[in-house]
Amino acid sequence: MALQDDIGTQDRNLRTLARWRSTARVLVEALPYILQYDGQTIVVKYGGHAMEGGVSQHFAQDIVLMKQTSINPVVVHGGGPQIGSMLDKLAIPTSFVDGLRVTDEAAIEVVEMVLTGAINKQIVSGINAAGGRAVGISGKDGNLVVARKLERMKLDPATLQNRSVDLGFVGEPEMVNPEVLRTFINSALIPVVAPIGVGRKGETYNINADTVAGAVAGAMAAVRLLLLTDVEGVLDREGKLIPRLSIAEARELIADGTISGGMIPKIETAIEAVEAGVRAAVILDGRIPHVLLLELFTEPGAGTMITRE
């Protein structure tokens, strides 16, 4: 019996040693990527769909680990599903034009409450619970995102003429003040940004979170824009993931219908960010555990990367 116990103990020790060696190999393989991103800014858009059910512990841990490896993460979050749920609870009617929520005076109060209140603080709390030091802000704080009213034209089927559509308090970034975020970054804090902008006269604007993330990434000269959503990336006509696309290739896939629906604005955001100086933009499935680490610190990465060429 004693001999069997000794053999069992040796087997367990060998298995434990094998796991430690495997962990060591992973860390060593990640080293070149850690050095590559040292001191760089990475903007992460955490989508409302990706965080349904609460803030992922994996996501929070990834953000903290990024900060601890001398990466400067900036989180921009959405919250469409949560806003819709709150508007329903308050019996406030809502409608959409080309995927954009028409936001009147009653709705903008709810949008700001949900984004800057509930969701923003949930993400901040999640990151802090994972060992980080996060701080929540909106685009209104310090005039981080100065916005203008978004204009949209829509074809009138009756007259076949384009007419202006009033989206209410829906805006688009006119200017991003990167110094606001650098102040937090230089203080070892992780900024978490709600996509609310401020107009020249102090108006509050609801802005698409992808758009804010892209504008922030461009203004910060970020090395990466990571767009977390609920799909694995861009798929070809056979349903297979396309790991990498140039700007020209992405536009071709939009033109031929391979990229369609809700993926189009994400790709357009990625293209605009890369054209603004971001080295690459990546569309990732935020439901995959530790997808940020897989993208940044492994050779194959994850999702679809958009680059200039």
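## A parallel strand pair

Let's start with two neighbours: strand S13 (residues 224–229) and strand S15 (residues 280–285) run parallel and are joined by 6 bridges. Within this pairing, Leu-226 has Val-282 in S15 as its bridge partner. Please keep in mind that this is a predicted model.

## The sheet around it

Stepping back, S13 and S15 belong to an open sheet of 8 strands with mixed pairing, ordered S5-S10-S2-S1-S13-S15-S16-S14. At its edges sit strand S5 (134–138) and strand S14 (244–246), each of which pairs on one side only. From one strand to the next, the twist averages 20 degrees.

## Helices on the sheet

Two helices are worth a look here. Helix H5 (residues 178–186) packs on the sheet, where it touches strand S1 (41–46), strand S2 (72–77), S5 and strand S10 (190–194). The direction of H5 makes about 145 degrees with that of S10.

Helix H6 lies across S1, S2 and S13, and runs at about 175 degrees to S1.

## How H6 meets H8

H6 also has a helix partner. The axes of helix H6 (residues 209–219) and helix H8 (residues 263–275) come within 9 Å and cross at roughly 10 degrees. Angles under 35 degrees count as roughly parallel, so H6 and H8 are roughly parallel to each other.

On the H6 side, the contact involves Asp-210, Thr-211 and Gly-214, which meet Lys-266, Thr-269 and Ala-273 in H8. By residue class, this contact divides into 1 nonpolar, 3 polar and 2 charged.

Conventions: Residues are numbered from 1 along each chain as its sequence is written. This is a predicted model: local features need pLDDT of at least 70, side-chain atom pairs count only at pLDDT 80 or more; totals for chains, interfaces and linings use all residues. Side-chain values use heavy atoms; hydrogens and water are left out. Axes are lines fitted to C-alpha atoms, for helices over the stretch in contact, and angles run from 0 to 180 degrees between N-to-C directions. Helices (H or I, at least four residues) and strands (E, at least two) are DSSP runs, numbered from the N terminus. Angles under 35 degrees count as roughly parallel, over 145 as roughly antiparallel, 65 to 115 as roughly perpendicular and the rest as oblique. Contact means heavy atoms within 4.5 Å. Ala, Val, Leu, Ile, Met, Phe, Trp, Tyr, Cys and Pro count as nonpolar, Asp, Glu, Lys and Arg as charged, and the others, Gly among them, as polar. Two strands pair if DSSP finds at least two bridges between them.
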